Amino acid sequence: MTITHRSACLVLVPVTACALALACSRTSAKGDASSTDRLARAIDATLASVYGPDQPGATAIVVRDGRVLLRKGYGLANVELHVAMRPDMVMALASLSKSFTAAGILELAEQGKLSLQDDIRRFLPAYPVRGATITIEHLLTHTSGVCGLAETSDLRAAAVQDAKVIDVIGDWVKDLPPDAAPGEKWAYSNWGYTLLGAIIEQASGQGYAEFLQRAFFDPLGMRHTFYADQRRVIPERATGYDQRPDGPLNVIEPRGRVFHPNGAAGWLSTVDDLARWNEALDGDRVLSRASTRRMFTPYRLKDGTSTGYGYGWDLGEYAGHRVQEHQGGTTGFLSHVVRMPDDHVFVAILSNRYSMAVPLQATAHRVAAIALGQPIADLVPVQTPVSALEGLVGTYRGSDIGTCTMAVEGDSLVAQIPGLGTMTLVPVGPGVFRTSVVTWTFSFETDAIGRGTRVRIHDWKLNDVAEKVVPKTTPARPIVAVAKADLEALVGEYEALNGILVRVDRVGDHLSVQPFAQEVVEMFPVSTIGFITKSGDVEYRFVKDSSGRVTGYLRSAGGPPVPARRLGNQGHEARRSETTAARSVLR
């Protein structure tokens, strides 16, 4: 690794990170050591404000023009033992692993062992494509259209049992219909990258991890990058925590449920190794220049629309500067990498605190902007009457963010967004709002009397237009009679996409649904497989395979359906045992 490290000690000063960076940007950047020091202090202040000394923390490395501006650990690697975080700590990369998997596919293409235009059935002949042609490139770009419900399939059980993906393809997944035709829609898919891991094994004749280790990590000296294994003792591995309102919660459950197999999210690493990976990409030591260029080219759908995604990388821009980035998240860990190739800026942050209260993406963006010398400006509120805010209240729905709800609390407009919770929006101009939580800008359009009609939500990559949802008056759906035997066939344990156990029981002529540790909800039949709440706001639609066996359900509550899979007796007893054991430790 030829990146040089600064040895100067960082000293915090009592000014904002943005002010520090602005001061730095007004000076000459040519060999100006004091300018570099001020940038480093601004970056350090930004990270120290997010990761306190007595909480789960993070490691960070920031590189500009081949020189390390900052390499530091923040907070604690283990809260119980009060072990300080050091910059060489190993943590889960989660979806940052996708860039490794994409590179593996491109390496095999360079070797002539596959083509990106190959039908995936060349390597996965049992995969059910239902008459469509799904190519390897479709999987790389999240445009395959494979059913999102596949991510709740028996693959999760296979992860614990160390089974191969190829062994479960022909089982539960075969009965799932596609979400879209290949190449027509972009939809982020962990399942697609899991399949890519299996394709690497089939095409190379080696194990997925073994292939990447030999092809990339060993030659590049990435000695602290490991394939996830809950049984392996890995030196300097940090402990993962979930952040709750009352403090951090140790990730007690087995690591087999944290790290998923193969290509979607299977690797652990350090910020140092990620910097090595970045340097090797820039120097064409991972792939040929042509393949690297292809990796960072946004894929276009059949209608010509850019997806803003290449092969394992999100692609966007900040203030006219190209940005290549990706984030990752799994139980107990978050990760984010930002590359600005034209400016030779690189940022990697790994955290052992899973929390959406301050999304890691926003922190990484702020750090990268400081390193660039063009920091994101501090929020300067503009006085806005509450009456104007009330006109923006309502539900909006976009293709990327899904459903978001705007409401007024006190004298502020707040946005409720799935996965991010509630955030206060700060008015910075007429109809324009920002938030300190993420780097998004909300730009509202209104009608003649000031009522919101749509909102454009955008940042470095995101550029979504969410239309206001006008409530429709629909007639009440009639409740139908369903035979007792048909109701009994739906009774059992299910596992939702977020891992929560859900119990379904028959109550006379209808069903009850109870997520673990939550209240019972009664569901009434509108068909033999469709059930709604008394208010009609929530619907459960059960899924059956070709033999009529119930395999899961889809829960709809106004937004995209949320899938769950049915657990067999052995499966749900094992999960109940895991949960009980975890709770006993917590007590």
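**H10**

I started with helix H10 and found it mostly covered, with 12 of its 13 residues buried. This is a predicted model, so I'm reading everything here as computed. H10 runs over residues 360-372 and reaches 18 Å from its first C-alpha to its last, close to the 18 Å expected at 1.5 Å a residue. I listed the buried residues: Leu360, Gln361, Ala362, Thr363, Ala364, His365, Val367, Ala368, Ala369, Ile370, Ala371 and Leu372. Then I checked what comes after the helix, and H10 is followed by Gly373, which has a positive phi, near 90 degrees.

**H3 against H7**

Next I looked up how helix H3 (residues 97-110) sits on helix H7 (residues 208-217). Their axes are 10 Å apart and the packing angle is about 80 degrees. That falls within 65 to 115 degrees, so I noted H3 and H7 as roughly perpendicular to each other. From H3, I picked out Ser97, Phe100, Thr101, Ala103, Gly104, Glu107 and Leu108, which meet Tyr208, Phe211, Leu212, Phe216 and Phe217 in H7. Sorted by class, this contact has eight nonpolar residues, three polar and one charged.

**Pro561**

Last, I went to Pro561, in the loop between strand S30 (550-556) and strand S31 (562-566). Skipping neighbours within four places in sequence, I have Pro561 in contact with Leu554, Arg555 and Ser556. I also checked Tyr540: it is 21 residues from Pro561 in sequence, and the C-alpha to C-alpha distance between them is 9.1 Å.

Conventions
Residues are numbered from 1 along each chain as its sequence is written. This is a predicted model: local features need pLDDT of at least 70, side-chain atom pairs count only at pLDDT 80 or more; totals for chains, interfaces and linings use all residues. Side-chain values use heavy atoms; hydrogens and water are left out. Helices (H or I, at least four residues) and strands (E, at least two) are DSSP runs, numbered from the N terminus. Contact means heavy atoms within 4.5 Å. Axes are lines fitted to C-alpha atoms, for helices over the stretch in contact, and angles run from 0 to 180 degrees between N-to-C directions. Angles under 35 degrees count as roughly parallel, over 145 as roughly antiparallel, 65 to 115 as roughly perpendicular and the rest as oblique. Ala, Val, Leu, Ile, Met, Phe, Trp, Tyr, Cys and Pro count as nonpolar, Asp, Glu, Lys and Arg as charged, and the others, Gly among them, as polar. The expected span of a helix is 1.5 Å times one less than its number of residues. Buried means under 20% relative accessible area, exposed over 50%, partly exposed in between (1.4 Å probe, protein chains only).
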